[in-house]
Amino acid sequence: MRSNKLYDEQRIKVAQEAIHGTKISFLARKYSVSPSTISNWVKFYKERFGEEATPSVQERIEDAERVQDLETKMETAIKLLGEKGFGDRTAA
């Protein structure tokens, strides 16, 4: 590994990125480490936290849909509040 060593938290972060679908070759270039090193980090992460710690593709899709739904509801709420005059509080 290069002279700039990654700390454990960063290694876990890189492993999570790889598990979530980011290509190992991209991560290797981004963090200046070899792809095999990242593969080892992923293996270590899975051994340490278990396979359950890694969300499935279906779980990630459901999470993304839930976030999108919440963002839509929030935008609607902001628009409704703005229409009722709550958006401008500088006149107080």
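User: I would like to begin with the loop that holds Lys23; which two helices does this loop lie between, and is Lys23 buried or exposed?

Analyst: In this predicted model, Lys23 sits in the loop between H1 and H2. To read exposure, one looks at the relative accessible area, and a residue counts as exposed when that value is over 50%. Lys23 has a relative accessibility of 62%, and therefore counts as exposed.

User: How do I read the packing of two helices, and at what angle do H1 and H2 pack?

Analyst: The angle between two helices is taken between their N-to-C directions, and a value over 145 degrees counts as roughly antiparallel. Helix H1, residues 8–19, packs against helix H2, residues 24–31, at an angle of about 155 degrees, and their axes are 9 Å apart. The two helices are therefore roughly antiparallel to each other, and their crossing is right-handed.

User: Which residues of H1 and H2 meet, and how do they divide by class?

Analyst: From H1 come Lys13, Val14, Glu17 and Ala18, and they meet Ile24, Leu27, Lys30 and Tyr31 of H2. The residues of this contact divide into five nonpolar, no polar and three charged.

User: How can I check the length of H1, and what span should its 12 residues have?

Analyst: One compares an expected span with the distance between the end C-alpha atoms of the helix. At 1.5 Å a residue, the 12 residues of H1 should span 16 Å, and the end C-alpha atoms are 16 Å apart, which agrees. Just after H1, Gly21 takes a positive phi of about 115 degrees.

User: Which residue other than glycine has a positive phi near 55 degrees, and where is this residue found?

Analyst: That residue is Ser32, whose phi is near 55 degrees, and Ser32 is found in the loop between H2 and helix H3, which covers 35–49. Ser32 has a relative accessibility of 31% and so counts as partly exposed.

User: How do H2 and H3 cross, and which residues make the contact?

Analyst: The axes of H2 and H3 come within 8 Å and cross at roughly 110 degrees, which means that H2 is roughly perpendicular to H3. On the H2 side the contact is made by Ile24, Leu27 and Ala28, and on the H3 side by Pro35, Ile38 and Ser39. By class, the contact has five nonpolar, one polar and no charged residues.

User: At what angle do H1 and H3 pack, and what classes of residue does their contact have?

Analyst: H1 and H3 pack at an angle of about 95 degrees, with their axes 9 Å apart, and are therefore roughly perpendicular to each other. The contact includes Arg11, Ile12 and Val14 of H1, and Ile38, Trp41 and Val42 of H3. By class, the contact has 10 nonpolar, one polar and three charged residues.

User: Finally, is Trp41 buried or exposed, and how far apart are Trp41 and Arg11?

Analyst: Trp41, whose place is in helix H3, has a relative accessibility of 11% and therefore counts as buried. Trp41 and Arg11 are 30 residues apart in sequence, while the distance from C-alpha to C-alpha is 6.5 Å.

Notes. Residues are numbered from 1 along each chain as its sequence is written. This is a predicted model: local features need pLDDT of at least 70, side-chain atom pairs count only at pLDDT 80 or more; totals for chains, interfaces and linings use all residues. Side-chain values use heavy atoms; hydrogens and water are left out. Axes are lines fitted to C-alpha atoms, for helices over the stretch in contact, and angles run from 0 to 180 degrees between N-to-C directions. Helices (H or I, at least four residues) and strands (E, at least two) are DSSP runs, numbered from the N terminus. Angles under 35 degrees count as roughly parallel, over 145 as roughly antiparallel, 65 to 115 as roughly perpendicular and the rest as oblique. A crossing is left-handed if the near helix is turned anticlockwise from the far one by less than a right angle, and right-handed if clockwise. Contact means heavy atoms within 4.5 Å. Ala, Val, Leu, Ile, Met, Phe, Trp, Tyr, Cys and Pro count as nonpolar, Asp, Glu, Lys and Arg as charged, and the others, Gly among them, as polar. The expected span of a helix is 1.5 Å times one less than its number of residues. Buried means under 20% relative accessible area, exposed over 50%, partly exposed in between (1.4 Å probe, protein chains only).
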